[in-house]
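Have the structure open as you read, and take the points in order.

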Amino acid sequence: MNRPTLSLIAVATALAAVTGFAALSAPEPGEDTAGAAAARLPVERTSLVCPAPSTSDLAETTYTSFTPATDGADGKGAAALHAVDGKAADDGKGDEDGKKDGGTDGAEKDDGEQGDEGEDGEKDGAKDGAKAGGEKARKPVLEPKEPGKPVTGDASGGEAPALTGTAEGRFAPGWTVQQTTEVAAGTGRGLQGVSCTAPDTEFWFPGASTDSDRTDYVHLTNPDDSAAVVDIELYGKDGALKTVVGDGITVQPNSTEPVLLSTLTETEQTDVTVHVVVRSGRVGAAVQALDDKLGGDWLAASADPSGSLVLPGIPKDATAVRLVLFTPGSTDADLKVRLASPSGPITPAGHETVHVKAGMTTAVDLGDVTRGEPGSLVLTPTGRSVPVVAAVRVLRGKGDAQESAFIPAARPVGARATAAGNTAKGTVLAVTAPEGTAKVKVTASAGSEGGTPAAKTYTIKSGTTQHIEAPVPGGLKGTYALTVEPEPGATPVYASRTLTATDDGVPAFTVQPLPDDRGLVSVPRAREDLSVLQK
């Protein structure tokens with residue numbers, strides 16, 4: 001009988017390549033674990049989902065795809081985004097020089113023949129499955145040429161589709177796609193931005209609304225070849241809202257379903273928490289919150305329920321900040337509210353603490369809490385730690401020239417965070433270190449159409465928020481990406497990126513939190529081999 005050996009590290013690496021996660025049993029008590037610390041290795045496959053950007057005929061959308069260069073990544077691979085639901089966007093990708101290659105404005109339905117046996121439509125293994133039943137391979141929308149250099153594409157009008165895609169090999173670690181839409185007029189006018197997210201099975205969205213002035217959709221996008229079944233739960237100020245068709249929503253393979261929240265319940269509520277639970281399959285989810293008078297933006301999912309939360313990057317000129325919280329358990333939560341300002345922690349007068357009743361959405365108007373200085377909200381338990389989710393709606397401007405954006409509770413930057421779609425003007429980073437002083441390296445990539453990378457290191461003092469005028473590539477042409485890298489072993493750091501623009505006197509803006517970009521996965525180091533029996 002042959003007894004070939006299979007190394008433990010090989011098994012774990014294979015698991016990480018497929019799932020992005022690997023776990024092995026813990027050592028026995030007292031066992032020497034020296035030399036067995038986990039290694040951080042580049043991921044080998046990443047999937048992303050981008051929601052359909054807008055239904056407005058006046059919408060102008062820009063997509064930016066970027067992968068930071070990562071030591072130890074595979075030398076091969078590819079990344080590509082495709083339109084879902086049978087729609088294909090015209091090619092707006094960058095060529096070898098980063099310039100657009102035949103790109104047009106408009107993402108339009110594919111009028112070509114259908115019914116052919118589905119092809120993979122893949123390049124060097126980058127896959128994005130066609131619909132079940134065998135549909136013609138979908139045309140890629142964005143295909144980066146090399147890590148470290150972004151590519152962009154454009155779409156105009158209200159027919160631009162949702163996108164899904166996969167990156168493999170050298171394009172997988174930290175793959176990031178930014179979708180930014182400018183709507184000139186109408187409900188939700190202004191700047192709407194969202195970082196395309198990995199598909200998952202549960203999402204929390206505090207800060208949504210079913211009020212008559214709001215038109216809020218939860219976008220559910222299924223990137224897989226089998227249908228997903230999704231439940232949508234709504235919670236208002238008095239608890240769960242009775243929903244009409246919120247249970248058992250089927251999202252067909254490779255398709256997207258925008259669900260208007262006001263059609264799920266007859267109850268109008270200013271502040272609603274949306275809970276998306278996937279019974280089978282997986283989806284990408286995001287809430288598009290559109291206001292008749294205050295513009296609109298995307299509301300990304302809050303960080304997982306936790307006893308302590310950080311909401312980074314409230315602009316210094318915010319005229320109104322509304323904090324929305326929800327605790328999903330059966331126990332009330334009491335939280336301290338602190339603003340991490342450039343000079344240190346501040347307690348908002350009259351809002352030192354907030355009480356969150358179990359199963360009910362709580363909202364607190366903090367007014368112009370920043371008072372001319374940028375800041376981040378830090379929420380910590382007053383006593384017993386109870387898991388909570390949270391988000392803030394931020395207003396800028398006055399009177400009829402107001403614009404809104406949302407900042408959900410964020411996950412830490414971790415080893416590295418990446419923000420794509422930055423411009424030479426109107427890009428600001430907010431970085432906060434609530435628990436201790438930290439140093440972070442901020443790197444600006446090459447431009448999509450030219451430019452040389454630039455980097456700078458910043459010190460973030462304990463309990464402060466620093467708004468950083470982001471470094472810009474030398475000789476920049478086009479847009480660029482930013483990476484934020486705390487020093488190894490540093491105290492937890494949280495960050496967000498704000499894009500701004502002024503349109504007819506309206507201070508349009510959009511804010512995206514910057515969590516870890518999932519470029520690395522922990523894989524245990526092996527001290528022994530596993531023996532595999534083979535006949």
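1. Start with β29, where A390 is the bridge partner of L325. Keep in mind throughout that this is a predicted model.

2. Strand β23, covering residues 318-326, and strand β29, covering residues 389-398, run antiparallel to each other and are joined over eight bridges.

3. Now for the whole sheet: it's an open one made of four strands, ordered β27-β23-β29-β30, with antiparallel pairing. On average, and ignoring direction, neighbouring strands here are turned by 20° against each other.

4. Have a look at T361, which belongs to strand β27. Is T361 buried or exposed? T361 counts as buried, because its relative accessibility is 6% and the cut-off for buried is under 20%. Its side chain reaches the backbone oxygen of Y235 at 2.7 Å, and also makes a polar contact with the side chain of T273, at 2.9 Å.

5. Elsewhere, check out the second largest pocket, with a volume of about 620 Å³. It's lined by 33 residues, and A69, A415, R416, T483 and E485 are the closest to its centre. Strands β33 (438-444) and β38 (480-486) each supply at least two residues of that lining.

6. What is the lining of that second largest pocket made of? Its residues split into 15 nonpolar, ten polar and eight charged.

Key
Residues numbered from 1 in each chain as written. Predicted model: local features only at pLDDT ≥ 70, side-chain atom pairs only at ≥ 80, totals over all residues. Heavy atoms only, no water. Pairing = 2+ DSSP bridges. Axes fitted to C-alpha atoms, helices over the stretch in contact; angles between N-to-C directions. 1 Å grid on protein atoms, 1.4 Å probe; cavity = no way out; pocket = protein on both sides within 12 Å on 5 of 7 lines; lining within 4 Å. Points joined across faces, edges and corners; volume = space filled by probe spheres on them. Nonpolar A, V, L, I, M, F, W, Y, C, P; charged D, E, K, R; others polar. Buried < 20%, exposed > 50% of the residue type's maximum accessible area, 1.4 Å probe, protein only. Polar contact = N/O pair within 3.5 Å; in protein donor to acceptor, adjacent residues only side chain to side chain.
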